[in-house]
Amino acid sequence: MTSPPFALVRKKDYGNVEAAEYIEWFKPFASAFKRVLKDRGSLVIDIGGVWNRGYPTRNLYHFKLLIMLCEEFGFHLAQDFYWWNPSKLPTPAEWVTVRRVRVKDAINTVWWLSKTPWPKASNRRVLQPYSDSMKELLVKGYRAKKRPSGHDISKKFSVDNGAAIPPNLIATPNTESNSFYLRYCEEKGLKPHPARFPADLPEYFIRMLTDTGDLVVDPFAGSCVTGEVCERLSRHWTCIELIEEYCEAALGRFKRDPQGASRSTSKPDDPSNSYKIPRPGLFWNGTEDIPLSEDGGQKRSTSQ
Ligand SMILES: C[S@@+](CC[C@H](N)C(=O)[O-])C[C@H]1O[C@@H](n2cnc3c(N)ncnc32)[C@H](O)[C@@H]1O
């Protein structure tokens, strides 16, 4: 379970490499992952996309990484997931808030890979509450019929199983602001890791893909969120991190009762935990007052 440094068009202060070199840089890691992974084990990689320098276009490096892992190293793509972080800022400002020619990029891809087509897994471990419309359907009943798509919706569809099978979209914010980890960093004068993932993310995959007592490895561990989640879930774990200061800070995660440490700030039973995206078109009223700029926004508009 890992989140490697993303490729960057501007270098950050830890081992990020340029998008063009990324695939070559990753190869030795890929072969080590293949070597140590159990046949029924999984390799889960959270990786964000980047913009091409100077252009409002997206780099393809994370897709190339996926293809390389499957085609050159023989991994199987068990499933592609998308982590939606509703708290992401609308960047790069130039394309999103200034020229207004792109929208907010709020998704990281999460590649769930495996060594065989049959990694151990159960979606029963990651069930989620029914949506309001599904609850209503369960009360009112559903008339079994064929959908226009040809799918046969049988009577089984209206059986209340107590919870829903989640989609491959994981909605969780990255808004840790008051955790023990951050307070520990502040106390010790250590720099908190600048690109932590929320504990919900590794927790989801660790629950779904491993059993108590299994070994989870995070080779790009950063602040060691993965290790902390494993403590809580009674999995063995190994975290590897290049920068010593991040390791020193990560120690703070284990100097107290790990129960519930650094979970995202919204509470698990808080109904606002389930995010809703408004249907596109709610604001469309038929008028498109300002014509689209013919140059695709290449020149900054002076009219706004
Ligand atoms: C995106 S961050 C991981 C953040 C982590 N998931 C968390 O929540 O704190 C990637 C990390 O990989 C580390 N890294 C880069 N190259 C590495 C290498 N060759 N071996 C181990 N760690 C490395 C970086 O220092 C950085 O902390």
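Reader: Which residues in H1 meet which in H2?
Author: Ala19, Tyr22, Ile23, Phe26 and Ala30 in H1 meet Tyr61, Lys64, Leu65, Met68 and Leu69 in H2. Contact here is C-beta atoms, placed from the backbone, within 7 Å. Helices (H or I, at least four residues) and strands (E, at least two) are DSSP runs, numbered from the N terminus.

Reader: Before I go on, what sort of model is it?
Author: This is a predicted model, where local features need pLDDT of at least 70 and side-chain atom pairs count only at pLDDT 80 or more, while totals for chains, interfaces and linings use all residues. Residues are numbered from 1 along each chain as its sequence is written.

Reader: OK, back to the helix pair. At what angle do H1 and H2 pack?
Author: About 30°, with the axes 10 Å apart. The axes are lines fitted to C-alpha atoms, for helices over the stretch in contact, and angles run from 0 to 180 degrees between N-to-C directions. The crossing of H1 and H2 is right-handed, that is, the near helix is turned clockwise from the far one by less than a right angle.

Reader: And which residues of H2 are buried?
Author: Tyr61, His62, Leu65 and Leu69, in a helix that covers residues 61-71. Buried means 20 or more other C-beta atoms within 10 Å of a residue's own, exposed means 12 or fewer, and partly exposed is in between, with C-beta atoms placed from the backbone.

Reader: Why do they line one face?
Author: Down the axis of H2, the buried residues fall within an arc of 100°, so they line one face of the helix. That arc is taken from the directions from the helix axis to the C-beta atoms. On the face turned away from the buried side, H2 carries the exposed residues Ile67 and Glu71.

Reader: What covers the buried side?
Author: The cover for the buried residues of H2 includes helix H1 (19-36), strand E1 (42-48) and strand E3 (107-114).

Reader: Switching to the sheet, what's the strand order?
Author: E1-E3-E2-E6, four strands in an open sheet with mixed pairing. Strands pair if DSSP finds at least two bridges between them. E1 and E6 (169-171) are at the edges with a single partner strand each, so one side of each has no neighbour in the sheet. From one strand to the next, the twist averages 25°.

Reader: How many bridges join E1 to E3?
Author: Seven, and the two run antiparallel. Ser42 has Ser114 as its bridge partner in E3, and Leu43 has Leu113. E2 and E3 also run antiparallel, joined by eight bridges.

Reader: Is E3 enclosed or open, and why?
Author: E3 is largely enclosed by the rest of the structure, because six of its eight residues are buried.

Reader: Last topic, the core. How many residues in the largest one?
Author: The largest nonpolar core has 44 residues, and Val44, Val110 and Ile206 have the most contacts inside it. A nonpolar core is a set of buried Ala, Val, Leu, Ile, Met, Phe, Trp, Tyr and Cys residues joined through C-beta atoms within 7 Å. H6 gives the most to this core, with five residues.

Reader: What does Val44 touch?
Author: Met1, Val110, Trp112 and Phe205, leaving out residues up to four places away in sequence.

How values were computed: Contact = placed C-beta atoms within 7 Å.
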